[in-house]
Structures are given as structure tokens and as C-alpha cells.
Amino acid sequence: MSEDARPKVLIVDDVPANLNILRDALEKEAYRIFAATSGPGALRIAVANRPELILLDVVMPEMDGYEVCRRLKADEATRDIPVIFITARDEKESLLRGFKAGGVDYVVKPFAEEEVLVRARTHLELSRLNRELLRKNRELSAEIERRQQAEAARRQADEQLALISEQEAQRWGIEGFVGRSQVVQEILEEVRQVQSASNTSVFICGESGTGKELIARALHFGSPRAKGPFVPVNCAAIPHELAESALFGHVRGAFTGATADHKGYFELADGGTLFLDEIGDMPLELQAKLLRVLEEGRLQPVGSGQERAVDARVVAATNADLAQAIAQGRFRQDLYFRLARFTIDVPPLRQRPEDIPLLAMHFLDLYADEMGIAAPAFSPEALARLRAYSFPGNVRELKNIIEYALIKSGGATILPDHLRLLDLPLAPSARVSRAQLGAAETQTAGDEDRILAYVQQHGAITNAECRQLLAVDRRRATYLLDKMNAAGLLGAPGNRALVQLWQSWMMALRLCARDARLESFCKSEGRLPSGSRPTFSCVLKTVRAYLTRVIFLTWVEPPACKRYR
């Protein structure tokens, strides 16, 4: 045992002979011995050397043992050192005074060596255990304090997260939608219906820029998963060779450059919502793995032999024609049905022109607030120009147009020449007169009259014929034909119902994931055995057969057919 590891014992007695006897006895046990012949000397040695045990004589000149013990217990540095009194008297009164002073035991003179060693050994062990207990108590107290601090920090973080979630819910919730059109109200009602079904996958269809991610965020922040993460992923932006690692993660050493474990988007969205935008661009070989994760709720990172449980709601979106992709084998039909447990169709902005002024004012207020200026007003001519525009980029394009217009206007009233429109270019110094504006407002009506005259003469009109007739681009022609078809203007009076029927079945074909409707239709045509699930090919054949029979019997080809053919 090293010098520093040996237990230290302080002997205090004013008689040198007693000191020698005790020293000889205790040194046999390999204790480090310190000796003092007076009370003040004993106090100095105790403070300087911190012994584990003190053998203290009671009767001493200048300061007796009781007073020495009381002073030892009054000092924080020495109060935990056990004191054994050495006394020539074992009267009850004397013993009580010793215990009251702070002693733990006593030895009566003349003392036996074995008795001294046993008592010393016992109290040294008790002292060691007591010090160990005190050390563990201190560690436990520190751990309790650390955990209390961590719990307080966690509560504060939860409160901050709840506040952030509430702010995000207010920002991205249903209240964040701008629009009064009937179609927007229907979309909001669908969002409300599916928000509480937090495990149901949702499929959002719509052109680029129509606000599909806004709807996905509203689904998340209005659901029980609102406190979880919302992870948006653009599938078209992920390199094909890294797509599996990006979605499902990888472990260290899985491939060259994998220097550490990496969590994929699914694990990052655990407990929340994963938004897969442009799902139609996902590599075909990855679609099977995505389907398995959706069905089983478990994934296997690249390079790992173990699966991990994951709980994330998947909201997918696309602007592509998935029906065509499925027919061409570029997208798995079973994955589509798994993703489209609930579908939401977002119309382009040109189909809800009544929302354009509201959205324009909303974006104007938003950007004016960011720039720290008062929101200016739109001139009537500028609002009329916005209403007449087709918005091929939808809401995203409108947002950019308003930001550009606010900067160009310098905070003044926004005029038509501040609007940067793709199919209505304006010279930088041009000013639109009211007469020119009136001509622009009547242009749409004149174009429709020319289209109707063409249909009356030729029986139908295609997009190419419309572009040639009006000298407009494809977007303008598509807008006019869509508008007139929706109003039933392009079909003969007796055939308008047939046009509407054609459009309804084409919509049913594009939304082939709605099993309940398709099952009823397919069974009515005798193409679906009882208890079977409708497939895409079944729906396609049934719709084609039905439409062919209707068109053949009437010997009429609806004008809409040429547009979809």
C-alpha cells in the first residue's frame, strides 16, 4: 500500500508514554500516525492533514478533550472525522459528555492493545463507508440538479416548440389560404376532412405553382402530427444514384464516401409528415422499396442488415399525368393506389379568376411588409390586366409578378406597365390608355365569337386550329377552349350532355384511384368479378368500350374528343 493510500490516524495525549503505546499498536496495522500533546496542537494537525480517525485523551491541560472535540465538529473541514475518547473513567456522566461533544466511541485506560485495534479498525471502516456515501450523495445531488436543469430546459423547449407549432399552424393552416372561389372552398373542406386522419396518405394533383406544398403543410399543421417535423422533398432534384440513401439513409461504409451514419428523409420525418413533391419523377427501381416502407412502416438503410421502424405520414404531389406514366410502365400502379388513399385536385389559377385580385392584394401586403413600406394600391387598369392574364405559372407566377411590380413602382400605385406578363409584353415606357384597356377587355369575348363561328362552319376545332385562327400561343388557346368547353359552348345543343359525359369519364380515368366509384362502374359493365378490386387496365378498357358505344350510336364526335385524343 502506498504512503498516501494508508489510513491516517491522529493520537492526542499529554502523556508521552501513552502516545508511544498507541503508536506502537497502530503502526502494526500500517496506519500513518500523527501525534499531538495538546488540544491546540491537535486542532492544527487535524486541519492540515485531515486524518480518518482521532484518538483523543479527555484530561489535558489548557484545553480538555471535550472542548477539542467540540471545536473539531464546529469546523466544516474536520466535522466528519470520527473521534474516539481515551478516558480513565467510565462513569455514565463522563461518557454522556463525550457523546454530546461529538465522540463516536471511547476506550478506558489502562487499555488493551487488541481492543484499541478493533475499535480503530471498526471506525475507520465506518468512516470510509460514510465518506463513500457522502461522495455518492454529492454525485446524486449533482445528477438530480443536472436532470432538473435538463427537465426545465426540455419544458422550455416544449413550450417554445408548441409556440412555434402554433405559429406555423397559423401561418400554414387553412387560415393561410386566400380565395373565395367555390373550388377553393371545396379544397379547404377536403383538407379539413383528412387532417384528423393523420395516418392516411394523401395525393395532391395540380399544375406547377398551384400551391400543392401549401396544402401539404396545411394537412400537417392541422393534424395531430403538428408538433412533429414537416420534411419537404423534391424527388426530381435528387440524383438517381443517391435517391435510396436520401430517402432511407445509409450506414458508415455503405459506399465510397459514407464516412458516417446518415438518416434519410423518412427518419427525419419520423412522428411528422414527409412531403414527396414531383413523385412522378421517382426512379422506377426505388418505387418498390417506397411501397414496402409505406405498407410495413419499416425501412432498411443502405448498407445495413437491420430494419428500423418509422412513423411518418406521406403526402405526395405531382404535376405529371400519372395515368399515362402507369400505362407506359414508368410508374407502379400499386404504389399509386397506396399513395392515393385520399386525393386532392388543385385547379390552375386561370380556372378561378375571381381569386386573382385577392391573391394579388395578399402578396402585395406581404412584400410591402418585408420591404418596410406601406402597401400601395392597384390601379383599375392593372387589376383588369391581371384578370385577363392566363397565368401559365399559376400562383407562383402571380407572386413573382407582384414582387416585381412593387419594386418597379417604388411604392406608388401599381400600373399596368409595372406588371411583367409573359404573353402580354409591355415596352418600358409604355402607358396603357383606357381605350386600349377596353380593347383588351373585349378581346376575350371577340375570340370566343370567332371560335364559335369556326365550330358552326367546321363542326369542331382543335388546339392547333384555334392557334392558327386567333394567332395566339398554346396557353391562350388552351385557356379559351377550356373555358368554352366548361360552359358547354362548343357542343351542339343536342350534344352538350354528351360532351359533359365525355369530360366526366376522362376525369374518372385520371382519378382512377377512387376505388368505390370505379368498382360500381366496372361491375355495372360486367367487367369486374364480384369481390375483385378494379385495376387500371380494367378501368381503361371499360371506359373505352362505353365511350366507343355511345359515340358510335350517336354518330357524333364531341369537339372535346379532339382535344383529348
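Trainee: At what angle do helix α13 and helix α14 pack?
Mentor: The angle is about 120°, and the axes of α13 (residues 356–371) and α14 (residues 380–388) are 10 Å apart. Axes here are lines fitted to C-alpha atoms, for helices over the stretch in contact, and angles run from 0 to 180 degrees between N-to-C directions. This is a predicted model, in which local features need pLDDT of at least 70, side-chain atom pairs count only at pLDDT 80 or more, and totals for chains, interfaces and linings use all residues. Residues are numbered from 1 along each chain as its sequence is written, and side-chain values use heavy atoms, leaving out hydrogens and water.

Trainee: What do you call the orientation of α13 and α14?
Mentor: With that angle, α13 and α14 are therefore oblique to each other. Under 35 degrees counts as roughly parallel, over 145 as roughly antiparallel, 65 to 115 as roughly perpendicular, and the rest as oblique.

Trainee: Is the crossing of α13 and α14 left-handed or right-handed?
Mentor: α13 and α14 cross in a right-handed way. A crossing is right-handed if the near helix is turned clockwise from the far one by less than a right angle, and left-handed if anticlockwise.

Trainee: Which residues make the contact between α13 and α14?
Mentor: I356, P357 and A360 come from α13, and L383, L386 and R387 from α14. Contact means heavy atoms within 4.5 Å. By class, that gives five nonpolar residues, no polar ones and one charged. Ala, Val, Leu, Ile, Met, Phe, Trp, Tyr, Cys and Pro count as nonpolar, Asp, Glu, Lys and Arg as charged, and the others, Gly among them, as polar.

Trainee: OK, α3 and α4 next. At what angle do they pack?
Mentor: About 20°, with the axes of α3 (residues 65–74) and α4 (residues 92–101) 8 Å apart. That makes α3 and α4 roughly parallel to each other. Here α3 passes α4 in a right-handed crossing.

Trainee: Which residues of α3 and α4 meet?
Mentor: From α3 you have Y66, C69, R70 and K73, and they meet S94, R97, G98 and A101 of α4. Sorted by class, the α3 and α4 contact has three nonpolar, two polar and three charged residues.

Trainee: Zooming out, how many helices and strands are there in the protein?
Mentor: There are 22 helices and twelve strands. Helices (H or I, at least four residues) and strands (E, at least two) are DSSP runs, numbered from the N terminus.

Trainee: And how many salt bridges does a search of the whole structure find?
Mentor: It finds 24. A salt bridge is a side-chain nitrogen of Lys or Arg within 4 Å of a carboxyl oxygen of Asp or Glu.

Trainee: Which residue forms a salt bridge with D57?
Mentor: That's K109, with the closest N and O atoms 3.3 Å apart. The pair links distant parts of the chain, 52 residues apart: D57 is in strand β3 (residues 53–57), and K109 is in the loop between β5 (105–108) and α5 (113–172).

Trainee: Is D57 buried or exposed?
Mentor: D57 counts as buried because its relative accessibility is 3%, while K109, at 21%, counts as partly exposed. Buried means under 20% relative accessible area, exposed over 50%, and partly exposed in between (1.4 Å probe, protein chains only).

Trainee: What about E115 and R119 in α5, how many residues apart are they?
Mentor: Four, about one turn of the helix. The side chains of E115 and R119 meet in a salt bridge at 3.1 Å, N to O. E115 is partly exposed at 30% relative accessibility, and R119 is partly exposed at 26%.

Trainee: Where is L124, and which residues does it touch?
Mentor: L124 is in helix α5, and it counts as buried at 9% relative accessibility. Not counting residues up to four places away in sequence, L124 touches P7, V9, Y31, E52 and L53. Going C-alpha to C-alpha, L124 and E52 are 6.5 Å apart in space, though 72 residues apart in sequence.

Trainee: Last one, which residues does D447 touch?
Mentor: L470, R476 and L480, again leaving out residues up to four places away in sequence. D447 sits in helix α16 (residues 434–458) and is buried, with a relative accessible area of 7%.
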